[in-house]
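The tour below goes from one selection to the next.

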Amino acid sequence: MTDRAYSLFEEQQQARGINLIEVREKLKAFNIETPSWGYGDSGTRFKVFQKVGVPRTPFEKLEDAAQVHKYTGIAPSVAIHIPWDKVDDYGKLRSHAEGLGLSIGAINPNLFQDDDYMLGSVTNSDAAIRRKATNHLLECVDIAKATGSKEFSLWFADGTNYPGQGNIRKRKAWMQESLQEMYNAMTPQMRMLIEYKCFEPAFYHTDLADWGMAYNLAMKLGPQAEVLVDTGHHLQGANIEHIVAYLIDEKRLGGFHFNSRKYADDDLIVGTTNPYELFLIFYQILNAANDSDAAIASCVNNIAYMIDQSHNIEQKIPAMIRSVLNAQTQYAKALLIDHAEVEAASERHDVLGAEDAVRKAFEFDVAPLLQSIREEQGLPVDPMHAYLTSSYSQSIQHRGKGGASW
Ligand code: PSV
Ligand code: MN
């Protein structure tokens, strides 16, 4: 069945001049990191619903993440959040991950849950609190050395709720001072990915509110500092793909936190409300991938694709599988864009022709392509079905309720 569907797909794409060998290679190289916190209980400020079978330790979170990788084949690394994933022996956590066929990915410091940080962490006007926050960042560099991680995803809840509450310019300087200290402690292989967010939990001003502020800070810190785009962190209507193209062109796009949103930082399953936006983000990335400037192509090759979502009502492992698959689907569709066709239409000022050349790639059914690649790689053609019909969810029931939560 899949053979026939794939042959038709192949004919269709060959007629358009799409190089399917290249498309298949790129798809096989596509990986996406899942977040340890996506496997634990999470919720809203109204309620955290506790689920049976939720991992109780960072080790169990890795075991659940290994299921996502087992069935999809494209989620081989797991981001951790400290102290949510604090353990006595990070070497042991690393070996546990490796034994499961995984690696530990980005380290996410947590500077938003300690009482001391209520009025700011690295931007607090109290020097002792700033010291404590910076020490935590340095601790994360040591953890990265022990886990073999190369990236840090830095997000700060720092901000104020009222005018006059804090001195915005002093806070800006304190933020830079702290991050510079962390930057100086990194090894040459490490990268600092700076995340911005327009609001929440602060509602008047946020110290790193948009990509421009994150970019400016990265430029001041040095070449190992880049910007992380979390798709849920913009004001309504923001053109994220434009931000992506701009940052790639400046060689400072470090990575993504993918998730879906309808209103704010909703942290929903990737690609559920915004598949076309995701496709257009990949369009910009692939458009830059063949740039004659090697530094731009290298920026594209080093993008850290990560998921950052919270599962409030969903079953966590299937929700993560769905996210991983949705990202892969949109990437596959974007690989079918004929960039020369878009360019030619754009150059002859054919507005509708250019739009059509982009959109039509989105309209192809890539299921036969993905199924054929999974078959070739010995993966289940339908990863979700394979997981749901496995006995894994039964096997973790004994964990009971009240597992890890944020
Ligand atoms: C903040 O909203 C954020 O996007 C940061 O990446 C945090 O580390 C993560 O969510 C926590 O869920
Ligand atoms: Mn994030």
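What follows is a short walk through a predicted model.

Start with strand S3, residues 103-109. Six of its seven residues are buried, so the rest of the structure largely encloses this strand. Now trace the chain from S2 to S3; the path goes through helix H4, residues 90-99, and makes a right-handed β-α-β crossover.

Move on to ligand 1 and show the residues around it. Among them are Trp-37, His-81, Asn-108, Trp-155, Lys-197 and Asp-230.

- His-81: an N or O atom of the side chain is 2.8 Å from an oxygen atom of ligand 1.
- Lys-197: a polar side-chain atom is 2.9 Å from an oxygen atom of the ligand.
- Asp-230: an N or O atom of the side chain is 3.0 Å from an oxygen atom of the ligand.

On its own, ligand 1 has 320 Å² of accessible area, and the protein covers 92% of that.

How are their two rings arranged? The ring centres are 5.0 Å apart and the planes meet at 65 degrees, so the pair is edge-to-face. Phe-112 sits in the loop between S3 and helix H5, Trp-155 in the loop between strands S4 and S5, and 43 residues separate them. Trp-155 is buried at 16% relative accessibility, whereas Phe-112 is partly exposed at 27%.

Last, select Phe-30, Phe-256, Phe-258, Phe-282, Tyr-305 and Tyr-331, which form one aromatic cluster.

Terms used:
Residues are numbered from 1 along each chain as its sequence is written. Chains are lettered from A and ligands numbered from 1 in the order in which they are written. This is a predicted model: local features need pLDDT of at least 70, side-chain atom pairs count only at pLDDT 80 or more; totals for chains, interfaces and linings use all residues. Side-chain values use heavy atoms; hydrogens and water are left out. Buried means under 20% relative accessible area, exposed over 50%, partly exposed in between (1.4 Å probe, protein chains only). Helices (H or I, at least four residues) and strands (E, at least two) are DSSP runs, numbered from the N terminus. A crossover is right-handed if, with the strands pointing away from the viewer, the path from the first strand over the helix to the second runs clockwise. A residue is near a molecule or strand if one of its heavy atoms lies within 4 Å of it. A polar contact is a pair of N or O atoms within 3.5 Å; within protein, one must be able to donate a hydrogen and the other to accept it, and residues adjacent in sequence count only if both atoms are side-chain atoms. Accessible areas come from the Shrake-Rupley method with a 1.4 Å probe; for residues, only the protein chains shown count as cover. Rings of Phe, Tyr and Trp (its six-membered ring) pair if their centres lie within 6.5 Å; planes under 30 degrees apart count as stacked, over 60 as edge-to-face and the rest as tilted.
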